[in-house]
Amino acid sequence: MANSGLQLLGYFVALSGWVGIIASTALPQWKQSSYAGDAIITAVGLYEGLWMACASQSTGQVQCKLYDSLLSLDVHIQTARALMVVSVLLGFMGVVVSVVGMKCTRVGDSNPTAKDRVAISGGALFLLAGLCTLTAVSWYATLVTQEFFNPSTPLNARFEFGPALFVGWAAAGLAMLGGSFLCCVCPGDERGTNQQHYRPGPASAAREPKVSAPMRGDPGL
């Protein structure tokens with residue numbers, strides 16, 4: 001029962017992380033304009049993501065443009081995009097596999113050991129999804145930091161961390177935490193319950209010697 005509750009908790013935590021991974025992939029605010037400095041014009045704010053670049057004006061109007069060419073993008077954007085797409089696919093497979101392997105579902109009840117192994121596989125998929133997301137977000141953030149502190153970068157061309165990076169970090173943590181919970185189930189826990197204690201059957205009971213009660217006329221009494 002404890003394993004079933006742990007599996008259910010891990011599944012919902014990992015599912016929340018997967019939804020966060022999708023949101024982080026779609027958000028365009030992976031980096032945003034930095035307003036550090038006195039000579040920076042704050043009338044227009046720039047945002048860049050994996051799929052588009054946006055400009056937000058002080059009037060509230062936002063204009064976005066999709067990247068025209070994939071091959072013309074920087075290497076870190078291409079790599080981050082590939083890692084996030086792989087992470088979304090791994091999370092989707094983890095959602096499906098974990099549902100099949102959890103104890104609260106009736107799929108595969110005839111073989112509890114195999115069912116637990118399926119749940120562990122689902123947890124491993126969530127762990128890989130979180131690891132891919134963590135790698136993509138951290139690498140992107142490292143490059144943004146290096147560009148910000150580069151002396152040759154103009155003040156009005158510097159960027160800071162966008163909200164999508166923080167969403168990605170949180171989503172990666174939730175996915176890895178939920179996957180760890182799903183992997184905590186030991187397939188050997190049911191071995192003790194499946195073992196049957198030996199009980200003598202009718203044939204064994206018939207072969208056991210019977211001790212007869214002494215007769216009243218026995219001279220040994």
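**Exercise 1. Find how strands E1, E2 and E3 are paired, and in which direction they run.**

Solution. Strands and helices here are DSSP runs, numbered from the N terminus: a strand is E with at least two residues, a helix is H or I with at least four. Two strands pair if DSSP finds at least two bridges between them. Step one: E1 (residues 31-33) and E2 (residues 44-48) are joined by two bridges and run antiparallel. In this pair, Gln 32 is opposite Tyr 47 of E2. Step two: five bridges link E2 to E3 (residues 52-57), again antiparallel. Here Gly 45 is opposite Ser 56 of E3.

The model is predicted: local features need pLDDT of at least 70, side-chain atom pairs count only at pLDDT 80 or more, and totals for chains, interfaces and linings use all residues. Residues are numbered from 1 along each chain as its sequence is written, and side-chain values use heavy atoms, with hydrogens and water left out.

**Exercise 2. State how many helices and strands the chain has, and in what order the elements run.**

Solution. The count is six helices and five strands. Read from the N terminus, the order is α-β-β-β-β-α-α-β-α-α-α.

**Exercise 3. Determine which residues touch the most other members of the largest nonpolar core, and which elements supply it.**

Solution. A nonpolar core is a set of buried Ala, Val, Leu, Ile, Met, Phe, Trp, Tyr and Cys residues joined through side-chain atoms within 4.5 Å. Buried means under 20% relative accessible area, exposed over 50%, and partly exposed in between, with a 1.4 Å probe and protein chains only. Step one: the largest core has 20 residues, and those touching the most other members are Ile 21, Trp 30, Leu 50, Met 84, Tyr 140 and Leu 165. Step two: helices H2 (75-101), H3 (112-148) and H4 each give two or more residues to this core. H3 gives the most, namely eight. Step three: another core, of seven residues, lies apart from this one and includes Tyr 11, Ala 14, Met 102 and Phe 126. In soluble globular proteins, nonpolar side chains tend to be buried together.

Step four: take Leu 50 as a case. A contact means heavy atoms within 4.5 Å. Not counting residues up to four places away in sequence, Leu 50 touches Thr 25, Trp 30, Tyr 67, Ile 77, Ala 80, Arg 81, Met 84 and Tyr 140.

**Exercise 4. Compare the span of H4 with the expected value, and locate its buried residues.**

Solution. The expected span is 1.5 Å times one less than the number of residues. H4 (residues 163-183) has 21 residues and reaches 30 Å from first to last C-alpha, close to the expected 30 Å. Its buried residues are Ala 164, Leu 165, Gly 168, Ala 171, Ala 172, Ala 175, Gly 178, Gly 179 and Leu 182. Seen down the axis, they fall within an arc of 160° (taken over the directions from the axis to the C-beta atoms), so they line one face of H4.

**Exercise 5. Decide whether Ser 180 and Gln 7 are buried, partly exposed or exposed.**

Solution. Ser 180 is in helix H4 and is partly exposed, because its relative accessibility is 32%. A polar atom of the Ser 180 side chain lies 2.8 Å from the backbone oxygen of Met 176. Gln 7, in helix H1 (residues 2-26), has a relative accessible area of 1% and is therefore buried. Beyond four places in sequence, the contacts of Gln 7 include Met 102, Asp 116 and Leu 182.

Methods:
Polar contact = N/O pair within 3.5 Å; in protein donor to acceptor, adjacent residues only side chain to side chain.
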